[in-house]
Amino acid sequence: MKAVITGATKGIGRAIALKLAQNGYDLILVARGEADLKTLKDELTPQGNKVFTHQADCSVKEDVYAFLNSAVIDFDDVTVLVNNVGIFLPGSLLDEADETFEKQQDLNLNASYYTSKFFGKKMRSASYGHIFNICSVASKAPVKNGGSYSVTKAAMLSLNHVLRQELAPHNVKVTAFLPGSTKTSSWEGTTIPDEKFVQPEDIAETLFTILNLSKGVNVDEVLITPLDF
């Protein structure tokens, strides 16, 4: 069993990497921080897993394809893809610089588009696999002071729907996660108590449960929000 996780070193991506490693998955991890990748690999490899890491800026198309072409040399038969990489840049859509939208589009949408096409074709040929797209509650309704973020996350959910439509006839599953406020590095410095947030481990546990459901079922979307934020 082999899984690809983008944005793997922090928050949701890291929690998923730990959960899958604990359950026997070999991992392909990509993130921007080389030191964080090494730290995570050192934490995972004692468990006996094969771990491939690649440093890349996933907002750059050439970096994404360099990662994909490198990863496939040792990991051709990927069974799980987790499109997790993303960024939240707060602000009003009408008042922000164009670059604010473009940066979020590159990370929140384009990177997932490239990786999904690359591994989706392989899963289609193998007639097996599962793609998870870490979207957001903003995919369904705009969040306050998150104009461009909401646009790009809505587009990511649309990408998820198209992938599911095209891959379902080939026995490949596609699931969108729509988390609400989750305790990740984007909330660093907040005085809000941890128990008010969704925890990254909640998402990792739910994802692993979905992976172990029966062959003929697909969980289309998971909406997971804080109880009382």
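Visitor: What makes the nonpolar surface patch, and what is its area?
Guide: In this predicted model, Leu93, Leu94 and Val151 make a nonpolar surface patch of about 310 Å².

Visitor: Where does Val151 lie?
Guide: Val151 is part of helix α5, residues 147-167.

Visitor: Why is Val151 called partly exposed?
Guide: The relative accessible area of Val151 is 39%. Buried requires under 20% and exposed requires over 50%. The value for Val151 lies in between, so Val151 is partly exposed.

Visitor: Why are β1 and β2 called paired?
Guide: Two strands pair if there are at least two bridges between them.

Visitor: How many bridges join β2 to strand β3?
Guide: There are 5 bridges between β2 and β3 (residues 51-55), and the strands run parallel. Ala31 stands opposite Gln55 in β3.

Visitor: What makes a right-handed β-α-β unit with β2?
Guide: One such unit consists of β1, helix α1 (residues 11-22) and β2. Another consists of β2, helix α2 (residues 34-44) and β3. The term right-handed applies because, with the strands pointing away from the viewer, the path from the first strand over the helix to the second runs clockwise.

Visitor: In what order do the strands form the open sheet?
Guide: The 7 strands are ordered β3-β2-β1-β4-β5-β6-β7, with parallel pairing.

Visitor: Why do β3 and β7 stand at the edges?
Guide: β3 and β7 (221-224) each have a single partner strand, so one side of each is left without a neighbour in the sheet. On average, neighbouring strands of this sheet are turned by 15 degrees against each other, direction ignored.

Visitor: How do you know that β4 and β5 pair?
Guide: Strand β4 (residues 80-83) and strand β5 (residues 129-134) share 4 bridges in the parallel sense. Pairing needs at least two bridges, so they count as paired. Asn83 has Asn133 in β5 as its bridge partner.

Notes
Residues numbered from 1 in each chain as written. Predicted model: local features only at pLDDT ≥ 70, side-chain atom pairs only at ≥ 80, totals over all residues. Heavy atoms only, no water. Patch = residues over 30% accessible without salt bridge, like charges linked within 9 Å, V, L, I, M, F, W, Y side chains within 5 Å. Areas by Shrake-Rupley, 256 points an atom, 1.4 Å probe, with all protein chains shown as cover. Salt bridge = Lys/Arg side-chain N within 4 Å of Asp/Glu carboxyl O. Buried < 20%, exposed > 50% of the residue type's maximum accessible area, 1.4 Å probe, protein only. Axes fitted to C-alpha atoms, helices over the stretch in contact; angles between N-to-C directions.
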